[in-house]
Amino acid sequence: MLKQNLKFAVGVVCLLLSALYAHAQGTLKGTIRNNSGEPLIGVAVAVVGTTQGTVTDLNGDYSLGLNQGTFQIAYSYLGFATITVVVSMNSGDVVKDITMASSATQLDEVVVSTGSRNTQRTTTDTPLPIDILSASDLRATGQFTFDKALQYRVPSFNTVNTPVNDATSLLDPYEIRNMGPSRTLILINGKRKNSSALCYIQTSPGRGESGADISAIPADAIKRVEILRDGASAQYGSDAIAGVMNIILKDRYEYGTATLTTGITGEGDGGMVGISINNGANFGKKGYINYTMALQRQALANRPGLVDAQGEANDFGAPLAQVQSFLRQFPDAGNVNGQPENAAAKFLVNGGIPIDDKTEIYYNAAYVYKKVNSFANYRTPYWRTTDDGLLTPRGQPYIGYVPTFEGDLNDYNATIGFRSTSASGWNTDVSFTTGGNSQLYTVANSRNRSLGKNSPILFRPGGYGFFHNVGNVDISKSLTDRLNFAFGAEFRAEKFEITAGDTASYSGSGADSFPGIGAPNAGESTRYNFGGYVDLGFDITENFLLNGTARLEQYSDFGEAFVWKLSSRYKMADNKVTLRGSISTGFRAPSLHQINLQLAQASFVPGQGIQTKGIVNNRSSQARLLGVPQLKPEKSTNITLGLGFQPTKKLNITLDYYNISLKDRIVLSSEIMAGGTTASRELDAVLNANGIVAVSFFINGMNTRTSGLDLVANYRGMPLGKGTLNFNLAGNYQLQNERTDPILNPELIARAGQTVVDQIQEALLLSSRPKFKYILGADWVLKKLSLNLNNTVFGPTTFRQNGLNSNLKTVFKTKLVTDLGANIALSKTLNLGINIQNILNVLPEWELKALNSAGEAVLRDPAQVKNNVNAITFNGRYSMVTYDGSHFSQLGRIFSANLALKF
């Protein structure tokens with residue numbers, strides 16, 4: 001019945017089009033199929049040089065009314081080679097059936113909108129390295145969220161679930177080229193996406209930074225993803241140091257889909273279920289609306305380790321017999337860690353309203369609600385010797401308790417604008433974008449030990465919010481067939497909010513596991529900035545391109561920044577070889593989070609008065625006492641050199657070298673405290689006189705250099721049996737990611753022999769992501785069946801965890817993760833996908849390595865090795881990934897399936 005209704009609706013549309021073009025003398029019609037003879041749904045059929053066109057229906061059929069004459073007709077479909085034919089219309093109808101072949105280079109010919117403010121170019125013409133990922137590329141990974149799909153498709157992109165969850169479980173840190181989440185700019189349809197409200201403060205990758213919540217974007221709403229692997233501050237402003245990710249949403253309606261997704265880990269936990277609906281409508285020649293709704297839920301996946309009794313007894317000063325008795329009953333000490341339970345509801349709409357042939361109003365909007373439930377470390381009865389009778393049911397023995405952490409996230413973004421082309425060829429794009437991210441937290445099954453029996457057992461510790469409004473004007477024109485000119489301006493207003501928790505959550509020692517935000521630390525801060533740019537592109541010859549961009553930004557809180565970029569591309573050997581390169585300067589403004597975040601806990605200590613501990617903001621009196629200067633922008637110099645080689649239409653290879661020099665990198669400092677030594681006497685006096693026990697703060701703390709190689713190669717269309725085999729290889733190899741100069745310590749701290757970036761923080765910033773990552777994939781297509789095999793090599797990562805002997809480092813070993821997927825067309829409208837992720841159940845594995853002879857001596861002593869292992873795993877609780885994280889997921893093998901209905 002559904003199919004009949006759809007056919008009826010398509011028939012009505014055709015009748016309306018026939019009435020609209022009543023003056024047409026004939027109809028061009030036909031059926032479009034792939035090489036296997038299957039109909040292709042949603043193929044764009046366009047009359048070249050006009051706005052007239054249509055799309056194929058569920059049976060691959062199309063119909064287009066045309067006047068008498070000769071026309072060029074283009075048939076295009078993502079993943080297939082575009083076909084252009086010449087059709088002559090006389091007095092009757094013309095039937096033109098088309099067979100489209102999958103193409104190795106089709107994605108290379110996609111017109112990209114990222115990397116230049118000038119006339120858009122195909123990926124083979126752009127002077128910059130750009131990855132293009134289609135929706136099918138992301139879907140083939142079998143991953144449940146957009147960010148995890150990118151992990152297994154883009155070598156320079158890394159993200160992983162953190163072992164210690166709480167607020168971080170709402171958004172896992174991600175980064176491109178191992179440069180932190182805040183140095184990759186996220187765009188949606190070319191417009192800036194708002195940042196998350198969360199600033200990572202755990203000892204995990206991304207510490208001290210924040211990034212946009214890309215996991216919140218429903219994958220079924222995405223048409224393609226363009227990832228610019230180059231600095232782009234001159235084009236887009238702050239944050240675009242490592243690169244730019246532009247998420248292009250589905251636009252013209254082709255067909256609707258309803259997708260059911262489910263999965264479970266090989267251990268039988270972490271069950272996931274999700275449903276997504278993508279639908280829309282077209283109206284007029286260019287009008288459309290496309291919307292997506294997605295609901296998903298993922299259950300807890302728990303991966304605790306076995307806890308060492310002697311380590312527990314040493315840490316908590318408890319009798320060994322008591323510890324052993326508890327661990328016999330609970331070998332993992334009741335700990336719960338891994339993938340927390342989470343649920344999300346996502347809504348997105350994208351639309352366009354044509355005013356005339358050359359003017360369009362466009363809009364998009366998204367809203368996401370996400371909730372996570374995770375657990376703090378279990379409070380064993382020898383760690384917390386009582387719960388004051390608040391958490392243990394009456395009549396039952398006290399065996400400790402496990403506090404829970406709940407996070408509620410709301411994220412939204414919306415853009416409205418119009419694009420037009422004047423009679424003289426000027427292109428104008430005016431838009432307004434708004435967005436925000438807010439997070440509120442709840443701690444349950446816990447207590448405030450300072451309040452004793454009067455403590456509540458549920459707390460509202462507060463939360464954070466970040467919001468922005470952005471206005472853009474972009475104007476461009478092709479002055480000649482070789483010279484393109486563009487200019488534009490941007491205004492952005494930002495607000496960061498810190499919401500105080502309830503009094504019981506922060507008074508005294510605060511809620512056990514997650515103390516609340518105190519009222520003195522709460523508040524809001526705002527700023528605004530203006531920016532303007534000019535862009536000039538000159539095709540000196542058909543093969544030789546030069547492009548230059550300059551930008552000036554003015555911020556209300558720190559002044560101005562001027563950046564520029566030059567890029568070039570030269571094609572030779574009949575376009576089979578391409579040389580490209582760029583040099584640019586960039587900047588990243590300190591975020592409002594980094595300027596204003598404060599989590600200082602001020603408490604009364606008998607005989608010592610008020611004592612301060614925690615994070616103090618950069619503008620606080622405590623920071624000034626320590627000689628910490630106000631934050632200033634990071635500045636970068638980017639150099640990229642690339643070579644493209646396309647000897648045949650089936651084989652395409654690119655190799656790019658990048659070098660990013662970053663000055664005044666902003667970091668969340670190590671903890672500064674009284675040293676009690678002769679060298680620290682001056683610092684100790686300042687700390688003691690002002691009641692400062694131990695504090696961290698944000699500071700422009702170091703200069704770094706990151707360099708490496710990106711390789712992308714694919715070969716498509718190799719016959720194998722009755723099917724076709726395609727190969728792809730992509731890799732990122734890090735040549736350098738290191739500090740280039742001494743730590744930028746304030747004088748008072750330096751004289752005390754302390755540092756704002758210790759070995760723990762430096763490793764998190766520079767070596768906690770894989771040194772290299774390679775992705776080798778193959779897919780085989782036969783009629784209604786496609787199989788794909790994907791191998792991802794995660795290179796080594798290095799950590800220097802808190803508590804680890806200073807002569808040692810922790811190295812996660814290189815591992816190969818293999819994924820297998822199958823896609824079966826059960827009918828013209830029903831499709832089944834099956835994936836086994838990490839089919840060989842490969843798990844992270846680490847080892848301790850010596851930095852010197854003293855470290856070698858430690859490794860020869862089993863007792864010392866055991867003590868160090870206990871220190872970095874919390875006595876075995878985090879035995880697989882340690883307390884700071886790993887290079888890929890610890891969940892192991894995962895089975896997933898999806899069933900998609902086209903309508």
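Trainee: Of the 903 residues in this chain, what share counts as buried?

Mentor: Keep in mind that we're looking at a predicted model. A residue goes in the buried group if its relative accessible area is under 20%. Out of 903 residues, the share that passes is 54%.

Trainee: What radius of gyration does the chain have, and what would a compact globule have?

Mentor: For 903 residues, a compact globule would come out near 29 Å. The chain agrees with that, and its own value is 29 Å.

Trainee: What does the C-alpha trace span along its principal axes?

Mentor: Let's look at the parts before the span. The chain is built with 14 helices and 48 strands. Along the principal axes, its C-alpha trace covers about 100 × 60 × 50 Å.

Trainee: What share of the contacts between residues at least 6 apart joins residues at least 24 apart in sequence?

Mentor: Start with contacts in the chain whose residues sit at least 6 apart in sequence. Then keep those that join residues at least 24 apart, and you're left with 69%.

Trainee: How many aromatic pairs are there?

Mentor: Ring centres have to lie within 6.5 Å for a pair to count. With that cut-off, the count is 28 aromatic pairs.

Trainee: Is the pair of Phe316 and Tyr382 stacked, edge-to-face or tilted?

Mentor: Their ring centres are 5.8 Å apart, and the planes meet at 55°. Stacked needs under 30 degrees and edge-to-face needs over 60.

Trainee: What about Phe794 and Phe888: how far apart in sequence are the parts they tie together?

Mentor: These two form a stacked pair, 5.1 Å centre to centre with 25° between the planes. Phe794 lies in strand β42 and Phe888 in the loop between α14 and β48, so the pair ties together parts whose separation in sequence is 94 residues.

Trainee: And are Phe794 and Phe888 buried or exposed?

Mentor: Here the cut-off is under 20% relative accessible area. Both Phe794 and Phe888 are buried.

How values were computed:
Residues numbered from 1 in each chain as written. Predicted model: local features only at pLDDT ≥ 70, side-chain atom pairs only at ≥ 80, totals over all residues. Heavy atoms only, no water. Helix = DSSP H or I, 4+ residues; strand = E, 2+ residues; numbered from the N terminus. Rg over C-alpha atoms; globule rule 2.2 N^0.38 Å. Buried < 20%, exposed > 50% of the residue type's maximum accessible area, 1.4 Å probe, protein only. Contact = heavy atoms within 4.5 Å. Phe/Tyr/Trp six-rings, centres within 6.5 Å; stacked < 30°, edge-to-face > 60°.
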